[in-house]
Amino acid sequence: MEINITEGGTDLAGATLIAGVMSDREPLAGSEELVAGVDSRLLDLAKFEGNAGQVLVLPHDTAAGLVLLGVGDEATFDSIRTAVGNGIRAVKTARAVTSLCQVPIDGATRAVVEGAMLGGYEYRDYKTTGEASPVQILDLIDADGAEVSEAVIGCEVTNLARDWVNTPALDMSPETLAGRIVRAADEAGVTHQVWDLKRITDEKLGALLGVAAGSDRSPSLVILEYRPDRATSHLGLVGKGITFDTGGLSIKTAPFMEEMKDDMSGAAAVAAAIIGVARLGLPIRVTAVMPLTDNAVGGNATRPGDVLRPISGPTIEVLNTDAEGRLILADGLGVIARYEPDLVIDVATLTGAARVALGDRIAAVFGSSSDVANRVLAAASRAGEFFWELPLFKEYRKQLDSDIADIKNITASRYGGAIAAAVFLAEYAGERPWAHLDIAGPARARETAGEQVKGASGFGARTLIEVARAMSESV
Ligand code: BES
Ligand code: MN
Ligand code: ZN
């Protein structure tokens, strides 16, 4: 979707207008005239009051049509984004026009752009029938150019992550994903290294190798670096990149395996974020490490009871090969430590337990201190993503004591699984400020609503960009 900025009085021939009202049909700023022109009997007939989620498509005398959006009781960043997301899917012409950016709230422009570009996303690479959405151009009347371009970048990288995650694992091997990430990084001026199996072996990433051992497809480790001249601080990112999680020998049952092509959503989010930061030209150094591998079942697969040696930190007794994310992250955290960033954030679809605790829209954030967790929470609210802090409760560490190695990868209890995983990772995060984001719930949208489109959500990228922005602004 192409986003343009136009002045009022633009030619409307063939375009669809998008206007908004609050509950009780009170028009939003910029929508007054359009709403006044609608015969209220039409609204009565359609029972359209302007409640959140309502969308009404009407004829219009000069344009191709008018889409009226309900935003509910209050026009907010979230309510406008949701309304535009719902509205863009009701547009049946190539061009849409709106003045909703004029609503006088912080982030109105961003909300409109995100609603349209994220809500209008479709993944059609494997569809041979049906038709793509016709909307190609969105004209924003009297919008701020800088705000629009920033929002567009956040959406483009989110949709890039969605494309990677939506691609079936058959066509998304670790090497393919590495290639896709490198290609996008190149275009944004982000430098890259890709470690192949030999380099991963030479560097002694024993935990990544242990997970990869069960697959015929080789692992990769991607390192992206963005180093602008004016940078005063350095953000380190690590993303879980399991291209498919069968569970390994501790194999998953069929229903739990269905969605496991999503298990590289953390890697997709951090790659999208560093590319976004580079495209925005933020004055902050960012380094991103993405260990990529299948977790498969082969003759050489790691067995329960085997012990792995990550690049640094405790040796790991693998008692459940399905707790593989923390293994590859142990090595990812070891690699990022070499770069000595000021703050490390890892992102992973790590535990079903995080999804049980917080559901499908909210990610868990754990911080080495509450200050770090709060930085993520503040960034997330600017990005319109939802997080909740869970405790890094060190008392649970003893549940991870291994009989023969330094640590084991699961606890005996199935309770508190998201916390146990975070406590495990803390062993590899070292002493520097660190946050762990468990995105197992929100990595996939289960229904199409607002800016969410069923399938990969691209969750996390925009929050990470906001963390980077805040770091680049504080001196
Ligand atoms: N990739 C899964 C976690 C997951 C579950 C992500 C559901 C998205 C949706 C992870 O590798 C996993 O299998 N975790 C296990 C850990 C357990 C064996 C300690 C889990 O959560 O069941
Ligand atoms: Mn698993
Ligand atoms: Zn997994």
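1. K240 and ligand 1. In this predicted model, a polar side-chain atom of K240 lies 3.2 Å from an oxygen atom of ligand 1. That pair falls under polar contacts (N or O atoms within 3.5 Å).

2. An N or O atom in the D245 side chain is 2.9 Å from an oxygen atom of ligand 1. For D263, a side-chain N or O atom is 2.8 Å from a nitrogen atom of the ligand. Taken alone, ligand 1 exposes 520 Å², and the protein buries 77% of that (Shrake-Rupley method, 1.4 Å probe).

3. The shell. Ligand 1 has 15 residues around it; K252, D263, D322, E324 and G352 come nearest (a heavy atom within 4 Å). The shell divides into seven charged, four polar and four nonpolar residues, with Gly counted as polar.

4. The site. Ligand 1 sits in the largest pocket (more than half of its atoms within 2 Å of the grid points). A pocket is an open set of points on a 1 Å grid, with protein on both sides within 12 Å along at least five of seven lines.

5. Cavities. The structure holds three of 30 Å³ or more; in a cavity a 1.4 Å probe fits but cannot get out.

6. Basis. Residues are numbered from 1 along each chain as written, with chains lettered from A and ligands numbered from 1 in written order. Local features need pLDDT of at least 70, side-chain atom pairs count only at pLDDT 80 or more, and totals for chains, interfaces and linings use all residues, while side-chain values use heavy atoms, without hydrogens and water.

Terms used. A polar contact is a pair of N or O atoms within 3.5 Å; within protein, one must be able to donate a hydrogen and the other to accept it, and residues adjacent in sequence count only if both atoms are side-chain atoms. On a 1 Å grid over the protein atoms alone, a cavity is a set of points where a 1.4 Å probe fits but cannot get out, and a pocket is an open set with protein on both sides within 12 Å along at least five of seven lines; lining residues have an atom within 4 Å of a point. Grid points are joined across faces, edges and corners, and a volume is the space filled by probe spheres set on the points.
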